[in-house]
Amino acid sequence: LRYQETSGQPVRLVALSATLPNYQDVASFLRVEPENLFHFDSSFRPIPLDTAFLGITETNRAKQMAKLIEICYEAMIEQVRQGHQVMVFVHSRGDTFKTASALAQMA
């Protein structure tokens with residue numbers, strides 16, 4: 001965005017998310033003009049997406065992560081046993097690696 005502001009040249013951004021309900025807020029943050037915003041709702045998905053939020057009351061960060069991995073693994077295994085595919089979303093690139101490694105060790 002800084003390049004666009006300083007050079008006056010248009011920049012094309014593509015922002016995608018499978019679970020982002022506040023796409024208009026994100027578009028505003030990215031300074032997308034309304035006529036350039038495209039939203040595809042769940043009717044475009046070939047398979048419906050289910051979302052689950054799990055709360056953890058542990059206050060110790062290390063114990064929080066261990067509990068999160070444990071709950072995630074149990075939920076993931078249950079879905080796989082029912083013949084479903086599973087995709088796990090985490091907060092950051094680093095958490096992606098840590099979560100994948102921990103789940104692989106549990107398998």
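1. In this predicted model, the residues lining the largest pocket divide into 18 nonpolar, nine polar and four charged. The space inside the largest pocket comes to about 1,400 Å³, and of the 31 residues that line it, those closest to its centre are Asp50, Ala52, Met87, Val88 and Phe89.

2. As to where the lining of the largest pocket comes from, helices α3 (61-81) and α4 (93-106) each supply at least two of its residues, and α3 gives the most, with nine residues.

3. Thr99, which is found in helix α4, deserves a separate paragraph. Its relative accessible area is 7%, and because this falls under the 20% limit, Thr99 counts as buried. A polar atom of the Thr99 side chain lies 2.7 Å from the backbone oxygen of Asp95. When neighbours within four places in sequence are left aside, Thr99 is in contact with Ile69, Val88 and Val90. Of these partners, Val88 is also listed among the residues closest to the centre of the largest pocket.

4. Gln24 lies in helix α2, which covers residues 23-29.

5. A last point concerns the separation of Gln24 from Met106: the two residues are 82 residues apart in sequence, and their C-alpha atoms are 39 Å apart in space.

Technical notes: Residues are numbered from 1 along each chain as its sequence is written. This is a predicted model: local features need pLDDT of at least 70, side-chain atom pairs count only at pLDDT 80 or more; totals for chains, interfaces and linings use all residues. Side-chain values use heavy atoms; hydrogens and water are left out. On a 1 Å grid over the protein atoms alone, a cavity is a set of points where a 1.4 Å probe fits but cannot get out, and a pocket is an open set with protein on both sides within 12 Å along at least five of seven lines; lining residues have an atom within 4 Å of a point. Grid points are joined across faces, edges and corners, and a volume is the space filled by probe spheres set on the points. Helices (H or I, at least four residues) and strands (E, at least two) are DSSP runs, numbered from the N terminus. Ala, Val, Leu, Ile, Met, Phe, Trp, Tyr, Cys and Pro count as nonpolar, Asp, Glu, Lys and Arg as charged, and the others, Gly among them, as polar. Buried means under 20% relative accessible area, exposed over 50%, partly exposed in between (1.4 Å probe, protein chains only). A polar contact is a pair of N or O atoms within 3.5 Å; within protein, one must be able to donate a hydrogen and the other to accept it, and residues adjacent in sequence count only if both atoms are side-chain atoms. Contact means heavy atoms within 4.5 Å.
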